[in-house]
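Here is a short briefing on one chain. Please look over the sequence and the fold, then read on by topic.

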Amino acid sequence: MLNNIESLKNEILALQASTEAQVEELRIKYLSKKGAISQLMNDFRNVPADQKRELGVKLNELKTLATETINNLKAAAQAKEASDSAAALDLTRTAAPLPMGSRHPLNIVRNEIVDIFSRLGFSLAEGPEIEDDWHVFGSMNFPADHPARDMQDTFFIQRNPADVLLRTHTSSVQARVMEHTKPPIRVVCPGRVYRNEAISARAHCFFHQVEALYVDRNVSFADLKQALLFFAREMFGPETQIRLRPSYFPFTEPSAEMDISCNICGGKGCAFCKHTGWVEILGCGMVDPAVLEACGIDSTVYTGYALGMGIERITNLKYRVNDLRLFSENDVRFLDEFVSAR
């Protein structure tokens, strides 16, 4: 029996446990009614009388050691679990549950537009919102006295010695890409733009655009039309029809505006499309050779097309939002309507 007591003593001295559950398993193994120490107590009855005094002392010491060891392990496990729980607690968390948010409707549509053009091989390009006159106007074929400058009311930050302004279109990103990239160039440029306009349900002093640019050898208007048809049907549905109307932009020649068959009435005519069956969504055209030359690209070798659209316009068509101000007022009731669209 003495050997058994010494063997159990060595086991108890080596005990380890990291959780309360493990400590409870050790208590059952050594101290329960059917545990190892209780078994020794039962065997103690058969010990010769001359050995009972010595073995009884040893047995009591073993039980005391096991009890203290297991209690210490339990206290350490409780302290560790309390510490882990406290570390995992976010003390900055609100006591009230927070509802799930969603992406902003403009971001939802922006990402969808970028994804459609990425499937055509276009890569994402971005640029600064505070720009210089050259990248916004000069490189885009706007001479200083060109009447087309009056088409856009500009927020100027600094007029002298150099004009610094808030960009009025994301064409400035195209100019920066063409300056530093050799053709072939295929980029889509989303971003926020600014114009000095009165805020109303139909206009705002800032809004969002997406422009696309493709420059390479032998790029034709047919390439542009096919890209536009693909975009329209991916965005608004496979039954969507498009039409191109002649227009004018300083940076493209020839230029056009594109209409799509009204996705609300299916082209039959309704109040939204003013009973014409068509809705204008973007401007486009072949990049003017003067723009290519201004950006350091040989216009006798390369041609290209460009297109641009307002993200708010596309969002209005997809979700029938009638007031542009809703996009910037951060009304949670309005934003909650797009939870399922994120």
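What percentage of the 342 residues in the chain do buried residues make up? The share is 41%. The model is a predicted one.

**Overall chain**
- The chain holds 11 helices and 10 strands.
- Its radius of gyration is 38 Å, whereas a compact globule of 342 residues would have one near 20 Å.
- Along the principal axes, the C-alpha atoms fill a box of roughly 120 × 45 × 40 Å.
- The accessible surface is about 19100 Å², and carbon and sulfur atoms account for 50% of that surface.
- Take the contacts between residues at least 6 apart in sequence: 66% of them join residues at least 24 apart.

**Strand S6 and its neighbours**
- Strand S6 spans residues 206–216. Of its 11 residues, 10 are buried, so the rest of the structure largely encloses S6.
- S6 pairs with strand S5 (residues 185–194) in the antiparallel sense, over 10 bridges.
- Pro190 has Val210 in S6 as its partner, and Arg192 has His208 in S6.
- S6 also pairs with strand S10 (residues 303–310), again in the antiparallel sense, over 8 bridges. Here Tyr214 stands opposite Tyr305 of S10.

**Strand S5**
- S5 is mostly covered, with 8 of its 10 residues buried.
- Strand S1 (residues 123–124) runs parallel to S5, and 2 bridges join them.
- Ser123 has Val187 in S5 as its bridge partner.

**Thr170**
- Thr170 lies in the loop between strand S4 (164–166) and helix H7 (171–180).
- Is Thr170 buried or exposed? Thr170 counts as buried because its relative accessibility is 0%, and the cut-off for buried is under 20%.
- Which residues does Thr170 touch, leaving aside those up to four places away in sequence? The contacts are Cys189, Pro190, Gly191, Val193, Gln209 and Glu211.
- One of these contacts, Pro190, is the residue whose bridge partner in S6 is Val210.
- Pro105 is 65 residues from Thr170 along the chain, and their C-alpha atoms are separated by 20 Å.

**Helix H1**
- Helix H1 covers residues 2–13, which makes 12 residues.
- From first C-alpha to last, H1 reaches 17 Å, close to the 16 Å expected at 1.5 Å a residue.
- The background is helix geometry: an α-helix has 3.6 residues a turn, so residues three or four places apart point the same way.

Key
Residues are numbered from 1 along each chain as its sequence is written. This is a predicted model: local features need pLDDT of at least 70, side-chain atom pairs count only at pLDDT 80 or more; totals for chains, interfaces and linings use all residues. Side-chain values use heavy atoms; hydrogens and water are left out. Helices (H or I, at least four residues) and strands (E, at least two) are DSSP runs, numbered from the N terminus. The expected span of a helix is 1.5 Å times one less than its number of residues. Buried means under 20% relative accessible area, exposed over 50%, partly exposed in between (1.4 Å probe, protein chains only). Two strands pair if DSSP finds at least two bridges between them. The radius of gyration is taken over C-alpha atoms; the globule rule is 2.2 Å times the number of residues to the power 0.38. Contact means heavy atoms within 4.5 Å. Accessible areas come from the Shrake-Rupley method with a 1.4 Å probe; for residues, only the protein chains shown count as cover.
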